[in-house]
Amino acid sequence: MKRITSVLLAGSLILTLAACGGKPAETPAPESKAPTAESQAPAPAEPSGKLVIYSPNSDTQINSSLEAFKAAYPKIDVELQSMGTGDVLARIEAEKANPQADINWGAINYNFYEQHPDLWEEYVSPNDELLDENYRNHAGCVSFGNLSGSGAFILNDDLLAELGVEVKGYADLLNPALKGKIAMGDPTASSSAFAELTNMLLVMGEGATADECYHSDKAWKYIEDFVANLDGIILSSSSAVYKNVVAGEYAVGVSYEDPVVQAVLDNKENPDANISMVYPAEGAVWLPAGVAIVKNAPNMDNAKLFVDFMLSEECQKELAKTTIRGTITTIPQDCEGMLPFSEIKVAYEDQAAVAAYQTEMLEKWTNIVTGG
């Protein structure tokens, strides 16, 4: 009886399926899809062509950042033309009707940009948002891939011990025992020395704004006292500052981080040079170094790739292995002797105010030095 019931139920199910227009389920064959345009699209072509760069940058920067770019884009033929900052800017200005360069790498200063905005292509890299907010793109044209210049002192510890002087900041440079023992460059001839002058004015002045500090009587009184302690000695180049401190000619040099760190490392095993460095306790300014695309650059796509790469974490990590800081300031330096950014008292300069006030600053400095 049970067998008959089962047969009847099976027959009833078949009739039901037939009445609905169906039939017993079968495993469908795999559906073959026609190739789509997306699946047929070739992989994007690897960037190639040429890239021409004008730059005053140091070998340290070139050997880290540029070599990393070449490794990332091996099919791009990079032509680097090294020259001084003034020469870079003069050539780009002279060639503006028929640009020969794609990139100005490092020869960007605020004054020149403000005076010649027509020389730079508008471009803000998508990587700009990775940077410290204090060093992001300026006016849509100039990006900042690394920091150049900072208040830093190179110390000859043997000479300072003989003089019984400890130097931790700008205020200590007024110690009478240091008279004639301080190495300082000429702000009217050296961009790094001018940066030291503006650093002094900013952190030794008083006021609610940077502009007020630069005009502060207190700041300029400090400069007068500092110049008096130089005892008439002003060096002609920035390299002479740290070289002469290492040689024992001076007890302290007012310089900037990159060459000072390198000098300390180079003389670590030198028994005749007991050298160290210190960041000024009152505050150290780091100036962002620019990279900009030349207006109507002949290799525009590659120029944008270069700017993107300079601001990338990949490139910034390569910089962190050197004596140069990147603008992603949270990436720790992997270089002996360089403190993390978070452990330094950092001062932020108002570049617009400096640009507007530069001529007046230099005139005041000259008058103080010459007694005019």
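This is a predicted model: local features need pLDDT of at least 70, side-chain atom pairs count only at pLDDT 80 or more; totals for chains, interfaces and linings use all residues.
Ground rules, quickly. Local features need pLDDT of at least 70, side-chain atom pairs count only at pLDDT 80 or more, and totals for chains, interfaces and linings use all residues. Residues are numbered from 1 along each chain as its sequence is written, and side-chain values use heavy atoms, with hydrogens and water left out.

The sheet. Helices (H or I, at least four residues) and strands (E, at least two) are DSSP runs, numbered from the N terminus. Strands pair if DSSP finds at least two bridges between them. Here, four strands form an open sheet, ordered β6-β7-β5-β8, with mixed pairing. β6 (182-183) and β8 (275-278) are at the edges; each has a single partner strand, so one side of each lacks a neighbour in the sheet. Look at β5 (residues 152-156) and β7 (residues 252-255): they run antiparallel, joined by four bridges. A152 has S255 of β7 as its bridge partner.

Now the pockets. On a 1 Å grid over the protein atoms alone, a pocket is an open set of points where a 1.4 Å probe fits, with protein on both sides within 12 Å along at least five of seven lines; lining residues have an atom within 4 Å of a point. Points join across faces, edges and corners, and volume is the space filled by probe spheres set on them.

The largest pocket holds about 1400 Å³. Its lining has 50 residues, with T85, G106, S148, S191 and S192 nearest the centre. α7 gives the largest share of that lining, six residues. By class, the lining has 22 nonpolar, 24 polar and four charged residues. Nonpolar means Ala, Val, Leu, Ile, Met, Phe, Trp, Tyr, Cys and Pro; charged means Asp, Glu, Lys and Arg; the others, Gly among them, are polar.

The second largest pocket has about 200 Å³. Fifteen residues line this pocket, and N134, F144, P288, E349 and Q351 lie nearest its centre.

Last, the cores. A nonpolar core joins buried (under 20% relative accessible area, 1.4 Å probe, protein chains only) Ala, Val, Leu, Ile, Met, Phe, Trp, Tyr and Cys residues through side-chain atoms within 4.5 Å. The largest has 41 residues; F153 and V167 are among those with the most contacts inside it. α7 gives the most to this core, eight residues. A second, separate core has 27 residues, including I103 and I331.

Conventions
Buried means under 20% relative accessible area, exposed over 50%, partly exposed in between (1.4 Å probe, protein chains only).
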